[in-house]
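Thanks for coming. I have one structure to go through, and I will start with a term.

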Amino acid sequence: MKKIAVVGTGYVGLVTGTCFAETGNQVICVDIDTKKVERMRNGEVPIYEPHLDVLFERNIKANRLRFTTDLQEGIKDAEIIFLALPTPPGEDGSADLSYILGVSEQIGKLITDYKVIVDKSTVPVGTAEKVHATIAQNATCDFDVVSNPEFLREGFAVDDFMKPDRVVIGTQSDRAKKVMGELYQPFVRQGNPILFMDEKSAELTKYAANSFLATKITFMNEIANFCELVGADVDKVRIGIGSDDRIGKRFLFPGIGYGGSCFPKDVQALVKSGKEENFEFQILTAVMKVNEEQKTVLFPKMQNFFRGNLSGKKIAVWGLAFKPDTDDIREAPSLYMIKELLKAGASVTAYDPEAMPNVKQLLGESIQFATNEYEALHDADALLICTEWSVFRNPDFDQVGAVMRDKVIFDGRNLFDMETMNKHGFYYQSIGRGIKSDN
Ligand code: UDX
């Protein structure tokens, strides 16, 4: 059992704190937001993440998971202090470290015995060094700074945390290595590795992993766009190349672009770090450009279908979140499409199982929200699919056709096969499937 403080109760901090409590550690989470801390103390999980609520409640009840607004109280007894603070992109795209360094300064003033301070946030190469220097300005006792990036996917975060493919720990201190190794032992019982490396390599591993995945998706999106031109089917090509172990089947699904809180921010930050070293990430620069364009590929198709006049058309939108199983709408392709549709004079009725409150906050009354996927379709001239929620995968097509004004679907996530669409008499446009069935 270890005593742990987690500073910052955003998405990463909450999952980290809760999962460490679940493995028997004593965890105290620190946040400056008084209202949020109050809500969490009452057992309320402030984000939507499958399975987190059960673990959250169980560990609060067991008194292994506690919350405070007082940093001093939070770190007093902790052997390990996780920093899970935001690193928003500044105006120039580089990660803003002011939260992390601000808290580091306070930690330096507060600690009185040995602590391992862990960077959990995604931070540019060299941050551990900066955190170390900031704490050292005031600290009067020994401490180590470790880089321990997270590889959590929203929607699967609890599972990813409990059964990680690998744990990356960046430190050159044997003392910190021992503490961190013991902490993560319960999570790697299945045989996946704990990879010890230096701080900088650990920091870069996180950026390189996300940038590689963003590149893989973007490559596939370009192949999809080309498939449409030459009459090939991207699903066939995807399976054809993914069967090669060297390529792998995952992260090859084309769509209307990647979004979320990680890929866009991390690719941009890595490109920016490169610039600071007079190094140009040529591939990643192209990835960012292609992804921005990919968010737009369905709009001209819709315009064409309506002969350039979307004014007065009623468009149903299925899916607002940047991906399924989350209420996160950051950089969501749906937002781009809705903005363009409204600009063109169309009206929008949307349905998303989780993300509607967040979109309501952002877009207010400019669009309508439905209580389920069929209600969104009433009198719609077309359906636009932006997120592949499971609930959209197998609809009653007779009901869909019956409630829509016209049987037209623009699918940004390739949920349906062409034969089914033809059989039910839908006009159907998706991504990268140039081959049309005969009828
Ligand atoms: C990602 C990383 O997977 C995770 O390891 C890291 O810690 C944080 O960033 P996340 O942003 O939650 O996680 O979502 P992920 O499931 O990776 O999807 C990212 C984006 O790529 C989504 O917009 C998704 O729709 C898109 N995507 C994913 C595709 O377009 N095609 C694919 O084949 C896979």
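Helices (H or I, at least four residues) and strands (E, at least two) are DSSP runs, numbered from the N terminus. This is a predicted model: local features need pLDDT of at least 70, side-chain atom pairs count only at pLDDT 80 or more, and totals for chains, interfaces and linings use all residues. Numbering runs from 1 along each chain as its sequence is written.

T122 sits in the loop between β5 (115–119) and α6 (127–136). T87 is in the loop between β4 (80–83) and α5 (98–110). Buried means 20 or more other C-beta atoms within 10 Å of a residue's own, with C-beta atoms placed from the backbone. T122 is buried, with 20 such atoms, and T87 is buried with 22. Contact means C-beta atoms, placed from the backbone, within 7 Å. Leaving aside neighbours within four places in sequence, T122 is in contact with T87, P149, K206 and D266.

Now the domains, with bounds from an automatic or database assignment. The chain divides into domain 1 (3–197), domain 2 (207–294) and domain 3 (298–429). The centres of domain 1 and domain 2, taken over C-alpha atoms, are 30 Å apart. Their contact takes 10 residues from domain 1 and eight from domain 2. Where is the ligand? Domain 1 and domain 2 both give residues to the shell around the ligand, so it lies between them.

Definitions and conventions. Two residues are in contact if their C-beta atoms, placed from the backbone, lie within 7 Å. A residue is buried if 20 or more other C-beta atoms lie within 10 Å of its own, exposed if 12 or fewer, and partly exposed in between; C-beta atoms are placed from the backbone.
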